[in-house]
Amino acid sequence: MAAGDVTRASTSGMLQVVALLLAAKDGLCAVYVADSLPVAWERLKFAARQMGIEAAFNETHKTVAIPGPIEPGIIRVLGPDDTDKLRGSEIDAAVVDRRTDAINDMIRPRLAARRGWVVYADEAL
């Protein structure tokens, strides 16, 4: 993906990434379920640089660690078929590119445990 592709991302897509970064900066655990992992990953890196957020990017596990006030915040980037990796974890925030019943069934209970929030990118804001 060329650098220009990231900057041409939809405004709502970038706003959702910014929301995840801000949540992680507060020490929250967040997840980004993306249709395209490479695009989502580049969006996160681009937005963090633009916002001046110091973050540790783990390319292998597709996780971002951001220093928080007490504990570091974590963002996990998953593909739509990777949501089983969330089993046993609780999350505070989520952005989902495309809502499906399977993703919804996996995400909502994990958010409910911590009274978290979710934004579905395929719906109008």
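In strand β4, R76 is the bridge partner of V31. R76 in β4 is also the bridge partner of T63. These pairs belong to a predicted model, in which local features need pLDDT of at least 70 and side-chain atom pairs count only at pLDDT 80 or more, while totals for chains, interfaces and linings use all residues. Residues are numbered from 1 along each chain as its sequence is written, and side-chain values use heavy atoms, with hydrogens and water left out.

**The strands around β4**

Strands of a sheet pair through backbone hydrogen bonds, in either a parallel or an antiparallel manner. Here, two strands are counted as paired if DSSP finds at least two bridges between them. Strands (E, at least two residues) and helices (H or I, at least four) are DSSP runs, numbered from the N terminus.

| Strand | Partner | Bridges | Direction |
|---|---|---|---|
| β1 (residues 29–33) | β4 (residues 73–78) | five bridges | parallel |
| β3 (residues 63–66) | β4 | four bridges | antiparallel |

Between β3 and β4, which form a hairpin, there are six residues. A30 stands opposite I75 in β4.

**The sheet and its helices**

The protein chain contains four helices and six strands. Along the sequence, these elements follow the pattern α-α-β-α-β-β-β-β-α-β. The six strands form an open sheet with mixed pairing, in the order β2-β3-β4-β1-β5-β6. From one strand to the next, the twist averages 15°.

Helix α3 (residues 37–51) lies across β1, β2, β3 and β4, and runs at about 150° to β4. Helix α4 (residues 101–112) packs on the sheet, touching β1, β5 (93–96) and β6, and its direction makes about 155° with that of β6. Contact means heavy atoms within 4.5 Å. Axes are lines fitted to C-alpha atoms, for helices over the stretch in contact, and angles run from 0 to 180 degrees between N-to-C directions.

W41 is located in helix α3. With a relative accessibility of 2%, W41 counts as buried; the term buried means under 20% relative accessible area, exposed means over 50%, and partly exposed lies in between (1.4 Å probe, protein chains only). Apart from neighbours within four places in sequence, W41 is in contact with F57, N58, E59, K62, T63, V64 and V77. The C-alpha atoms of W41 and E59 are separated by 8.8 Å, and the two residues are 18 residues apart along the chain.

One aromatic pair is found in a search of the whole structure. The ring centres of W41 and F57 are 5.7 Å apart and the ring planes stand at 90°, so this pair is edge-to-face. Rings of Phe, Tyr and Trp (its six-membered ring) pair if their centres lie within 6.5 Å; planes under 30 degrees apart count as stacked, over 60 as edge-to-face and the rest as tilted. Since W41 lies in helix α3 and F57 in strand β2, the pair ties together parts that are 16 residues apart in sequence. F57, at 28% relative accessibility, counts as partly exposed.

**The chain as a whole**

Of the 125 residues in the protein chain, 39% are buried. Among contacts with a separation of 6 or more, 58% are accounted for by residues 24 or more positions apart.
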